[in-house]
Amino acid sequence: MFRKLSDVSSDSFVKTEVGSGTQLALQEEQGGVAKFLTGASDNDYQQYVAIAENMVIPDEGVVTFISEFRVDEVVQCDMFFGFCERGVNIFDGRQNSVGFYSGDGNANLGIESNIAGDARLEAAAGTLIAGTWHKIGLGIQCDSEWPRKAINFFFDDICLGTFISKIPITAMAFSFGLRAGQDAANGMSLSTSYLLRD
């Protein structure tokens with residue numbers, strides 16, 4: 001939840017910034033919302049990686065992740081929202097990650113599952129709308145007797161696809177970021193996120 005200052009500070013996230021933007025801050029919006037702005041030059045970005053590595057895909061059980069995000073300008077940007085191994089650039093160097101991404105030049109939303117840099121990608125699974133809240137979800141089902149692991153990707157309550165290969169096994173941290181694709185600042189907002197394990 002984004003309710004208090006420690007939720008957006010270095011107590012919770014490792015922040016990486018290129019350019020002079022506005023770092024993640026609490027907003028006066030209902031539901032607990034935080035927002036950041038990139039700098040105003042092409043390829044300026046802000047990246048946030050949680051201090052806690054709070055996602056490990058198990059051999060057995062169910063993991064559910066639900067959240068919401070909003071991007072001010074969806075065509076001229078690179079974006080990632082999901083879970084990723086710490087210590088990497090989440091735009092160009094993702095490895096051991098699972099989540100949602102977009103690339104500069106279009107409004108397509110992609111889905112990704114990546115193990116050690118070997119990724120399965122579907123680059124045009126959904127479509128982002130500028131300034132609009134989008135609900136995303138991950139439903140991860142693991143059965144050691146089958147054996148099978150499956151990641152279901154949900155966008156605005158529609159299942160975009162299911163991946164059963166290239167599923168990471170290492171610890172990952174909640175990660176998100178936005179990189180400007182033109183000489184103009186861009187913003188990303190986030191609402192309350194839920195991570196449930198069974």
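Me: How many residues lining the largest pocket are nonpolar, how many polar and how many charged?
Reply: The lining divides into 11 nonpolar, 5 polar and 1 charged. Here Ala, Val, Leu, Ile, Met, Phe, Trp, Tyr, Cys and Pro count as nonpolar, Asp, Glu, Lys and Arg as charged, and the others, Gly among them, as polar. Bear in mind that this is a predicted model, where local features need pLDDT of at least 70 and side-chain atom pairs count only at pLDDT 80 or more, while totals for chains, interfaces and linings use all residues. Residues are numbered from 1 along each chain as its sequence is written, and side-chain values use heavy atoms, leaving out hydrogens and water.

Me: Which of the lining residues lie nearest the centre of the largest pocket?
Reply: They are Met1, Phe13, Ala50, Asn54 and Phe174, from a lining of 17 residues. A pocket is an open set of points, on a 1 Å grid over the protein atoms alone, where a 1.4 Å probe fits, with protein on both sides within 12 Å along at least five of seven lines; lining residues have an atom within 4 Å of a point.

Me: Why is Tyr45 called buried?
Reply: Its relative accessibility is 11%, and buried means under 20% relative accessible area, exposed over 50%, and partly exposed in between (1.4 Å probe, protein chains only). Phe91, at 10%, is therefore buried too.

Me: Why is Asn43 called partly exposed?
Reply: Asn43 has a relative accessible area of 42%, so it falls in the partly exposed range. Asn96, at 8%, is buried.

Me: What is phi for Asn43?
Reply: Phi of Asn43 is near 75°, a positive value in a residue other than glycine. Asn96 also has a positive phi, near 50°. Most residues other than glycine have a negative phi, and most peptide bonds are trans. The bond from Trp146 to Pro147 is cis, with omega near -15°.
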